[in-house]
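Reader: Hi! Could you walk me through this one? I'd like to start with how helices cross.

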Amino acid sequence: MSAVAAAGPLLEVKGVTLQYKTKEHLVTATYRVDFQVFKSDRFVILGPSGCGKSTLLKAVGGYMQPTEGSMSLNGAAIKKPGSDRVFVFQEFDQLLPWKTVKENVMFALTSSRRLAGKAAEDKAMQYIEKVKLTKFADNFPHMLSGGMKQRVAIARGMAMEPDVLLMDEPFAALDALTRRKMQEELLQLWDDTHFTVLFVTHSIPEAVLIGNRILLLSPHPGRVKAELNSDGKDNLSADGKQLSDRIHDMLFADQIEEEVTPHG
Amino acid sequence: MADNVLVQRPEFVREIESSAYGVVEKPLTTWERIFNNAAVRKGLILLMLATVWQVYSALLNNPLLFPKFSDTISAFYDNIMNGVLLARGWFSIKVLLMGYAAGLFLAGTLTAFAITTRIGNDFLETLTAMFNPLPAIALLPLALIWFGLGNGSLVFVLIHSVLWPVALNTHSGFMSVSQTMRMVGRNYGLAGPRYVAKILIPAAFPNILTGMKIGWAFAWRTLIAAELVFGVSSGSGGLGWFIYENKNQLEIANVFAGLFSVIIIGLFVENFIFRNIELKTVRKWGMQS
């Protein structure tokens with residue numbers, strides 16, 4: 001633990017306020033948010049819709065600038081999108097339909113001028129194998145199921161070997177069974193390579209399962225409510241409550257208790 | 001109590017056997033497969049139309065107004081064999097390709113300008129709004145004054161007929177590229193011309209192709225019409241001129257043969273050239289079903 005602390009945080013977000021304009025309003029998405037991500041963290045940003053978690057991830061990706069505060073990766077300020085922070089989106093159209101699975105992964109490597117030719121192909125195949133899609137390497141994305149498409153996107157992100165992988169609700173568009181499987185696969189991949197991932201979700205069980213550190217945001221605008229540790233097992237804590245229940249209570253504490261009608 | 005409302009049934013679990021079911025996949029019958037071929041279906045329609053033509057013209061029996069299908073075909077065959085139609089067709093296609101290529105090039109330049117700057121965007125929108133509804137042939141008198149009788153005028157009106165539909169479609173294609181795809185491109189460090197070439201153009205390709213098809217059809221129509229108006233320059237002319245000439249000589253079967261060639265070239269480009277481009281690109285990629 002102390003060795004990690006000595007190495008310092010990989011990603012540091014300090015007092016970040018994010019605002020964007022719609023046609024009629026200036027919306028404050030997050031207000032003075034701080035957090036630190038260390039190497040090999042599975043850092044989850046969790047919050048209800050409207051807490052600015054996706055906007056926060058976009059800002060880390062370099063797609064928007066904070067109106068206040070600072071963000072730095074390895075000590076360097078984040079100014080624009082770059083291939084040291086690779087995105088995995090929720091939408092299936094993040095894969096380029098005119099490229100095969102292999103070409104999609106290679107596209108990332110060649111476009112960013114990391115690798116070229118045979119070296120790019122080898123690296124691509126190596127990561128496609130990791131997500132168990134070797135058989136489908138020459139298929140076009142439209143022939144794949146939703147889960148397979150997300151696996152390609154993950155392979156593409158991981159093949160870049162970025163400092164941090166940014167995942168924006170990557171499994172939200174999948175059915176429950178596939179989602180469950182993908183979560184397990186992601187953890188297996190992490191066991192394998194210990195990549196650093198910043199994972200945005202609105203699902204409490206997903207956060208508890210995936211994250212080793214969970215940042216809770218409150219909505220309208222997003223402010224940091226808590227940062228919790230998780231070992232993925234949803235254990236009982238000192239106050240006798242399961243982690244997911246604690247998170248649930250914290251997220252919904254501000255809301256008026258909805259009336260519960262018991263069955264029976 | 002809920003127990004009284006629900007009907008109680010025992011649970012069961014079955015062993016799934018692997019071989020006891022019937023047909024899961026069965027090939028289609030030959031007839032179904034033949035009829036699934038679009039070329040066969042369209043061929044049948046053509047055959048039907050030709051039959052209607054032949055029967056009607058035989059009943060009418062007036063070769064000056066409406067020659068028989070068989071007469072048209074033989075006139076077509078004769079004119080192919082003596083080389084007249086081929087030469088005229090080639091003349092038309094040559095001019096057409098010149099105008100089409102220049103139109104595509106200009107459309108590309110204009111759209112590139114439009115997506116990179118806001119003023120370029122306004123420029124393109126204003127120009128397309130002004131010129132797209134203007135029939136190219138309406139510019140012909142002006143073109144004749146500017147460029148004289150000859151290919152220059154033809155190419156000018158052709159450019160006008162290709163440029164606007166292609167630019168309009170390409171532009172709307174670029175605008176509708178999804179936000180996710182744009183972010184993916186930028187994530188991997190693409191910017192400027194590489195971003196346009198590697199993300200925008202392929203992502204907008206269905207629209208670009210539609211624009212090219214519309215542009216082709218417009219150009220082809222404009223060309224034939226323009227040739228009908230003046231047609232001949234330096235002793236040779238295109239298909240439009242062939243039609244006009246034969247009308248003057250009351251060779252109506254030849255007129256039909258000329259029209260027939262116009263149609264055949266149109267069908268060929270649509271069903272072979274564009275169709276193959278489509279199959280190798282947007283359909284293969286699943287961007288169009």
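Author: Happy to. One term before we start: a crossing is left-handed if the near helix is turned anticlockwise from the far one by less than a right angle, and right-handed if clockwise. Also, keep in mind that this is a predicted model.

Reader: Good. So which hand is the crossing of α5(B) and α11(B)?

Author: The crossing of those two helices, α5(B) and α11(B), is right-handed.

Reader: And at what angle do α5(B) and α11(B) pack, and how far apart are their axes?

Author: The angle is about 135 degrees and the axes are 10 Å apart, with α5 covering residues 84–116 of chain B and α11 covering residues 205–229 of chain B. That makes α5(B) oblique to α11(B), because an angle has to be over 145 degrees to count as roughly antiparallel.

Reader: Which residues of α5(B) and α11(B) meet?

Author: From α5(B) you have S92(B), V95(B), L96(B), G99(B), Y100(B) and G103(B), and they meet G215(B), W216(B), A219(B), W220(B), L223(B) and E227(B) of α11(B). By class, this contact of α5(B) with α11(B) has 7 nonpolar, 4 polar and 1 charged residues.

Reader: Nice. How does α5(B) pack with α12(B)?

Author: Helix α12 of chain B, residues 239–248, packs with α5(B) at an angle of about 135 degrees, and their axes are 7 Å apart. The two helices, α5(B) and α12(B), are therefore oblique to each other. On the α5(B) side the contact is made by L85(B), R88(B), G89(B) and S92(B), and on the α12(B) side by L239(B), W241(B) and F242(B). Those residues of α5(B) and α12(B) divide into 4 nonpolar, 2 polar and 1 charged.

Reader: Zooming out, how many helices and strands are there in chain B?

Author: Chain B has 13 helices and 0 strands. Its radius of gyration is 28 Å, well over the 19 Å that the globule rule gives for 289 residues, so chain B is more spread out than a compact globule. Along its principal axes, the C-alpha trace of chain B spans about 95 × 60 × 35 Å.

Reader: What percentage of chain B is buried?

Author: Buried residues are 33% of the 289 in chain B. As for contacts in chain B between residues at least 6 apart in sequence, 67% join residues at least 24 apart.

Conventions:
Residues are numbered from 1 along each chain as its sequence is written. Chains are lettered from A and ligands numbered from 1 in the order in which they are written. This is a predicted model: local features need pLDDT of at least 70, side-chain atom pairs count only at pLDDT 80 or more; totals for chains, interfaces and linings use all residues. Axes are lines fitted to C-alpha atoms, for helices over the stretch in contact, and angles run from 0 to 180 degrees between N-to-C directions. Helices (H or I, at least four residues) and strands (E, at least two) are DSSP runs, numbered from the N terminus. Angles under 35 degrees count as roughly parallel, over 145 as roughly antiparallel, 65 to 115 as roughly perpendicular and the rest as oblique. Two residues are in contact if their C-beta atoms, placed from the backbone, lie within 7 Å. Ala, Val, Leu, Ile, Met, Phe, Trp, Tyr, Cys and Pro count as nonpolar, Asp, Glu, Lys and Arg as charged, and the others, Gly among them, as polar. The radius of gyration is taken over C-alpha atoms; the globule rule is 2.2 Å times the number of residues to the power 0.38. A residue is buried if 20 or more other C-beta atoms lie within 10 Å of its own, exposed if 12 or fewer, and partly exposed in between; C-beta atoms are placed from the backbone.
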